Amino acid sequence: MSLKVMTTVAEVQAYSKEMKAAGKRIGLCPTMGALHEGHMTLCRAARASCDVVIASVFVNPVQFGPNEDYEKYPRQFAADCEKLEAEGVDAVFHPAPEEMYPEGYGTYVNVESDITKVLCGARRPGHFRGVATVVTKLMNLTRADRAFFGQKDAQQVAVVRRFVADLNLPVEVVMVPICREESGLARSSRNVYLSPAEREAALVLSRSLRKAKAAFDGGERSAERLKEITRAELATEPLARVDYVDLYTFPALQPVAEVTETSLLAIAVYIGKTRLIDNVIFTPSAEKGAAK
């Protein structure tokens, strides 16, 4: 099997139309490239439940702020294609920015909700407007039945689920668990920015979340206490500069004092100049039992 590479809107529309006409169920894996094992878990989940898997590799300019890393974001398309082909992905959509946003472009999807006003939404103005716009376009272009996203970007998953519901898009949004290195570090394309010393320091993110999860499993339900445990562990690493440590219900992202329903403990931490995010989801045992 060879990977089909598409670079134009017309190509991906024709391909998805052909697949639909053949009765195929289409899975979409939206990515910005610099693919790693975390992305591969999305592809595998898509492969397991869909007839056709389309990945996108597109560094989306409209989700980056003016002082963010759009220009230096890692781009390695040839290597990405090798990885996608090895996982049995059928096609990849790799457009130029002007293909997605041609001259005169003026339409954006903006989720005006509490879920975009906290965490990364509060600190990266316009970020989720860019995400919602590009993902809507990708869903429309590929005519996807299911779209796959990683839990590491849990707020993004909540935002995507919100606009998919609000806009009545016929797409099931699937969240795939966080993929970690053996050390515990959440896999991220931005990990390539880390020096060896910074990579070691970055382990404090997963370590702090494990301590909070251990406290939760031990019966701790106070949101403030769980955040304090996380902050205390982060404070042990001199190279770590905390952006936020927050706990909200999930996926509604509402404030919580006591964890009595599924909730998200999310952190963003600068290690040197690199901003990393990570999270853990708490599910109270009564809710776990009800879900079985």
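Predicted model: local features only at pLDDT ≥ 70, side-chain atom pairs only at ≥ 80, totals over all residues.
Glutamate 228 is partly exposed, with a relative accessibility of 38%. Glutamate 228 forms a salt bridge with arginine 225, and their closest N and O atoms are 3.4 Å apart. Both residues belong to helix H10, where three residues, or about one turn of the helix, separate them. What is the exposure of arginine 225? With a relative accessible area of 38%, arginine 225 is partly exposed. Elsewhere, salt bridges with shared partners join Arg25, Arg146 and Glu172 into one network.

Let us remain with helix H10, which spans residues 223-234. Lysine 227 forms a salt bridge with glutamate 224, with 3.6 Å between the closest N and O atoms. These two residues are three apart in the helix, so about one helical turn separates them. Is lysine 227 buried or exposed? Its relative accessibility is 13%; because the limit for a buried residue is under 20%, lysine 227 counts as buried. Glutamate 224, at 39%, counts as partly exposed.

I turn now to helix H9, which covers residues 203-217. Here aspartate 217 forms a salt bridge with lysine 213, and the closest N and O atoms lie 3.0 Å apart. The two residues are four apart in H9, about one turn of the helix. Lysine 213 has a relative accessibility of 26% and therefore counts as partly exposed. How many salt bridges does a search of the whole structure find? The search finds 20, and the pairs I have described are among them.

Helix H9 also leads us to a sheet. H9 lies across E7, E8 and E9, and runs at about 15° to E9. These three strands form an open sheet in the order E7-E8-E9, with antiparallel pairing. In general, the strands of a sheet pair through backbone hydrogen bonds, in either a parallel or an antiparallel manner. Which strands stand at the edges of this sheet? They are strand E7, residues 240-249, and strand E9, residues 274-282, each of which pairs on one side only. From one strand to the next, the twist averages 15°. Strand E8, residues 263-271, pairs with E9 in the antiparallel sense over nine bridges. Within this part of the sheet, alanine 268 stands opposite isoleucine 277 in E9.

The last topic is backbone geometry. Most residues other than glycine have a negative phi, and most peptide bonds are trans. The loop between E7 and E8 contains proline 251, and the peptide bond from phenylalanine 250 to proline 251 is cis, with omega near 10°. Leucine 253 is also placed in the loop between E7 and E8. Its phi is near 55°, a positive value in a residue other than glycine. Why does leucine 253 count as buried? Leucine 253 counts as buried because its relative accessibility is 1%, and the limit for that class is under 20%.

Asparagine 168 likewise has a phi near 55°, a positive value in a residue other than glycine. Asparagine 168 is found in the loop between helix H7, residues 154-166, and strand E6, residues 172-176. Is asparagine 168 buried or exposed? Its relative accessibility is 66%, so asparagine 168 counts as exposed, the limit for that class being over 50%.

Conventions. Residues numbered from 1 in each chain as written. Heavy atoms only, no water. Salt bridge = Lys/Arg side-chain N within 4 Å of Asp/Glu carboxyl O. Buried < 20%, exposed > 50% of the residue type's maximum accessible area, 1.4 Å probe, protein only. Pairing = 2+ DSSP bridges. Axes fitted to C-alpha atoms, helices over the stretch in contact; angles between N-to-C directions. Contact = heavy atoms within 4.5 Å.
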